[in-house]
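This report describes one chain and the surroundings of its ligands. Please examine the sequence and the structure before reading on.

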Amino acid sequence: MIKRTLTVSLLSLSLGAMFASAGVMAANEPIQPIKAVTPENADMAELGKMLFFDPRLSKSGFISCNSCHNLSMGGTDNITTSIGHKWQQGPINAPTVLNSSMNLAQFWDGRAKDLKEQAAGPIANPKEMASTHEIAEKVVASMPQYRERFKKVFGSDEVTIDRITTAIAQFEETLVTPGSKFDKWLEGDKNALNQDELEGYNLFKGSGCVQCHNGPAVGGSSYQKMGVFKPYETKNPAAGRMDVTGNEADRNVFKVPTLRNIELTYPYFHDGGAATLEQAVETMGRIQLNREFNKDEVSKIVAFLKTLTGDQPDFKLPILPPSNNDTPRSQPYE
Ligand code: HEC
Ligand code: HEC
């Protein structure tokens with residue numbers, strides 16, 4: 001009897017100590033868990049979701065935001081660089097839209113300050129959706145089902161590009177991925193990571209990856225040079241921040257990408273040059289930290305990175321209103 005009480009109190013003591021140390025630990029970690037979000041305006045997010053999936057915002061009537069940021073595949077297209085209007089080869093790899101609300105700015109070079117400003121870009125980009133803002137407005141305004149929703153959300157049924165991008169941005173704010181194994185570990189569940197994953201995290205932290213990949217998104221919080229110790233070999237002409245600032249010192253400086261859901265968002269780097277996570281980790285070690293990881297270290301870091309896959313957005317596929325006699329026709333081959 002005495003023995004049993006002793007065991008129980010010892011157990012609760014060690015459990016208490018475990019939670020206490022887990023609490024302290026999470027507070028000291030360079031990465032924080034992702035919190036679930038509820039949209040500020042659910043009707044607006046729903047409208048934004050419809051627009052995100054509507055290919056009629058493109059000239060061809062075929063390309064939607066979801067074509068290149070496929071929410072069934074981690075919010076990317078999983079190809080080296082995107083395919084745009086009339087099968088044009090895109091200049092750069094499509095980053096994920098998941099957790100993009102946490103980025104300090106949008107695009108690899110940070111040229112759009114937020115999601116609303118970003119969303120105006122692809123619709124009128126001749127290499128992407130190849131429409132114009134005026135035509136996109138006319139297309140959406142032609143459908144009374146859309147106008148009704150604009151009225152409900154914005155107070156009048158006027159359809160403007162400003163309202164379209166505001167709604168899309170509101171939807172994108174909902175695309176966060178909490179609940180990953182690593183977040184469970186951060187929140188105190190010691191068993192959430194196995195030995196390899198934990199060793200991988202310690203390598204990730206100890207070798208200095210966290211200097212650049214940190215915060216809740218494990219990236220997205222700074223611009224850094226690609227090729228700190230050794231140059232990055234690529235045929236892709238993108239110059240990074242230099243295209244925005246005009247500063248030679250900003251050549252090959254890119255926004256540090258989020259590593260959340262990185263298992264899903266292959267291929268890697270702005271040119272899509274690394275097909276596998278192993279290759280990306282090996283390259284990062286060599287050119288960013290001047291460190292040659294052996295095979296075992298690479299596989300442990302990769303095991304850790306795969307624990308960053310969170311709960312994917314889970315929603316009903318939007319059913320879009322049909323075009324009618326007033327809707328401008330799509331031009332898929334022009
Ligand atoms: C033809 C493919 C394509 C389409 C269509 C497309 N995008 Fe993109 N998207 C890209 C590429 C490529 C980039 C990176 C461009 C760059 O950084 O210069 C990008 C960047 C972004 C980013 C920035 C993410 C980050 O981490 O910087 C967001 C957000 C985004 N797109 C949302 C959208 C929305 C919303 C739409 C629809 C209105 C859309 N995209 C349509 C290919 C596409
Ligand atoms: C000095 C800053 C810095 C350090 C240190 C660093 N990274 Fe990176 N990381 C970047 C930048 C910048 C990019 C984007 C580079 C590009 O595509 O041009 C990147 C890209 C990546 C990518 C590809 C992401 C994607 O979506 O394409 C992975 C994976 C990655 N880093 C993992 C790591 C690992 C693992 C370490 C440690 C071994 C590490 N990084 C160290 C700055 C850094």
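Which residues does UniProt list for "binding site"? The record names Cys209, Cys212, His213 and Met284; its positions follow the numbering used here, feature names are shortened, and annotations may be inferred rather than shown by experiment. These residues are spread over 76 residues of sequence, yet they cluster in space, with a largest C-alpha distance of 11.3 Å.

## Basis of the model

This is a predicted model, in which local features need pLDDT of at least 70 and side-chain atom pairs count only at pLDDT 80 or more, while totals for chains, interfaces and linings use all residues. Residues are numbered from 1 along each chain as its sequence is written, and chains are lettered from A and ligands numbered from 1 in the order in which they are written.

## The chain as a whole

The chain contains twelve helices and four strands. Both are DSSP runs numbered from the N terminus: helices are H or I with at least four residues, and strands are E with at least two. The C-alpha trace spans about 85 × 55 × 30 Å along its principal axes.

Of the 334 residues in the chain, 39% are buried. A residue is buried if 20 or more other C-beta atoms, placed from the backbone, lie within 10 Å of its own, exposed if 12 or fewer do, and partly exposed in between.

## Two of the listed residues

Cys212 lies in the loop between α9 (195–206) and β3 (223–225). Cys212 counts as buried because it has 20 C-beta neighbours inside 10 Å. Leaving aside residues up to four places away in sequence, Cys212 touches Ser222, Gln224 and Val256; contact requires C-beta atoms, placed from the backbone, within 7 Å.

His213 is also in the loop between α9 and β3. With 27 C-beta neighbours inside 10 Å, His213 is therefore buried. Apart from residues up to four places away in sequence, His213 touches Val218, Gly219, Val256 and Leu259.

## The ligand shells

Around ligand 2 there are 26 residues, of which Cys209, Cys212, Met226, Phe269 and Met284 come nearest; a residue counts as near if its C-beta atom, placed from the backbone, lies within 6 Å. Helix α11 (residues 277–289) gives the largest share of this shell, six residues. The shell holds 17 nonpolar, nine polar and no charged residues. Here Ala, Val, Leu, Ile, Met, Phe, Trp, Tyr, Cys and Pro count as nonpolar, Asp, Glu, Lys and Arg as charged, and the others, Gly among them, as polar.

Ligand 1 is surrounded by 26 residues, the closest being Cys65, Cys68, Pro95, Phe107 and Pro122. Two or more residues come from each of α3 (65–68) and α4 (115–124).

Notes: Contact = placed C-beta atoms within 7 Å.
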